Amino acid sequence: MPGSSGATVLNDLPVCLVADEILVRLSPKHVLRCRAVQKSWRAATSTDKFILDNHRRQPSLPIIQRHKAGLSRFAAAGDHKIWPVIRYTCHTVSDFSVIHHAACDGLLILSRESSFYICNPATRKCASLSHPPLRQGFTAATVVAFYRHQLSGEHRVLWAIYSAPMARGATVKPPAYFVLPVGSDQPRCVQWPTDLRNFPATRSSDCPPVHHRGGLHWALGLSITVFDTVTETFQQMSHPAQLPGDMVLLFDLGGDLALRRTSGDCVTLDLWVLQDYDAETWAFRYRIDLRVMEASPPLNLSVEHVPMMAVINGRELLIQHGPYRLLHCGIDGVFLGNVESKDHENILSQFAKPLKLTRHRLQESMISLPLFEKRQDDVNEEPPFTILL
């Protein structure tokens, strides 16, 4: 029983046991609250090892873009709700210009116009993010990928600088690629091999890569482009030869590199899994047929919508059908329920405002960056968003 001093049974346990067996299992939000209880707890939960161990125990959950409103994440496996993470705060005609580019280790990169920001929603820390300087003939910069470099432990951004075509049919320069550690002003140019035909997507906001075996993977055309995050070089590998290159997307399925192809009529989703990475052999795993899904209310398949899909874990999926409907399903396509908003914005199992099931994921962490601790004297304006997590 707690005494008058507020002591609990945890006071009788070694601090290392409390930290490594109890606190490490909590969400970052609750760990941060526990730090205020005892100085010894604060010290034990502030080590790099604890922060990484705690991060690895957090679920990796799909991110949902709310139209002109912000970002939300799926609550948890077995739940049917989404929770707000970021609310956009600008109130002009260009509200929609806030773009979510990337997520890694609980950190998010967002931008509005030419200003980029990096934040940790769990710790509510935010800072401006520099991009490589534009070279002659290039007009803009964008995020291609965001990753942790394993050898140095640095968080790095793969940037592309590019030029938008000024007129229809005009010749466009290929993008130039740069790696820039977060907080650094020393970008390093990454050469694109001349024997690789496809360029990776220059917008991680639309086409984020899949992290697998130390590489970032994009499905482009009839091949898969790979960026090795150790050597920081580009390569290519093949996807199933029997699949055409259109309507194909990569994703992570319980630690396996997987591929999803949508049929031309947008009613079936075929899921393939890479069986042998080195041999590049794939195997068909599941088919989800929306025509036989017993959703409630039933899906309106008379209007063609390209379904979006995100994996919750090895057994559960989210499928977006149309701009207002988000379904919680089993990996075999069995309907488990309609996803609802924590703030009750749903009407008749549909969202009141359009949403977009993104291909980004949030795995919360207490990871900090030196950039967060610096004074932001160079910030010309407040970030166009508020953290709600």
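**Notes on the predicted model**

1. The count of disulfides comes to zero, a disulfide being a pair of cysteine sulfur atoms within 2.5 Å. The model is predicted, so local features need pLDDT of at least 70 and side-chain atom pairs count only at pLDDT 80 or more, whereas totals for chains, interfaces and linings use all residues. Residues are numbered from 1 along each chain as its sequence is written, and side-chain values use heavy atoms, with hydrogens and water left out.

2. For cysteine 126, the closest cysteine sulfur is that of cysteine 119, and at 5.4 Å it is too far for a bond. Cysteine 126 is partly exposed at 25% relative accessibility, while cysteine 34, at 18%, counts as buried; here buried means under 20% relative accessible area, exposed over 50%, and partly exposed in between, with a 1.4 Å probe and protein chains only.

3. The structure holds eight aromatic pairs, where rings of Phe, Tyr and Trp (its six-membered ring) pair if their centres lie within 6.5 Å, and planes under 30 degrees apart count as stacked, over 60 as edge-to-face and the rest as tilted. One of them joins tryptophan 192 and phenylalanine 234, whose ring centres are 4.6 Å apart with planes at 55°, so the pair is tilted. This pair links distant parts of the chain, 42 residues apart, with tryptophan 192 in the loop between strand E11 (188-190) and strand E12 (210-212) and phenylalanine 234 in strand E15 (residues 233-238); strands (E, at least two residues) and helices (H or I, at least four) are DSSP runs numbered from the N terminus. Tryptophan 192 is buried at 14% relative accessibility, as is phenylalanine 234 at 6%. Ring pairs also link Trp192 and Phe234 with Tyr147, Tyr177 and Phe227 into a cluster.

4. Which residues lie nearest the centre of the largest pocket? They are Ser60, Ala103, His211, Arg361 and Gln363, among 45 lining residues. On a 1 Å grid over the protein atoms alone, a pocket is an open set of points where a 1.4 Å probe fits, with protein on both sides within 12 Å along at least five of seven lines, and lining residues have an atom within 4 Å of a point.

5. Strand E27 (355-362) gives the most to this lining, with five residues. Domain 1 (11-57) and domain 2 (58-387) both contribute residues, so the largest pocket lies between them; the domain bounds come from an automatic or database domain assignment.
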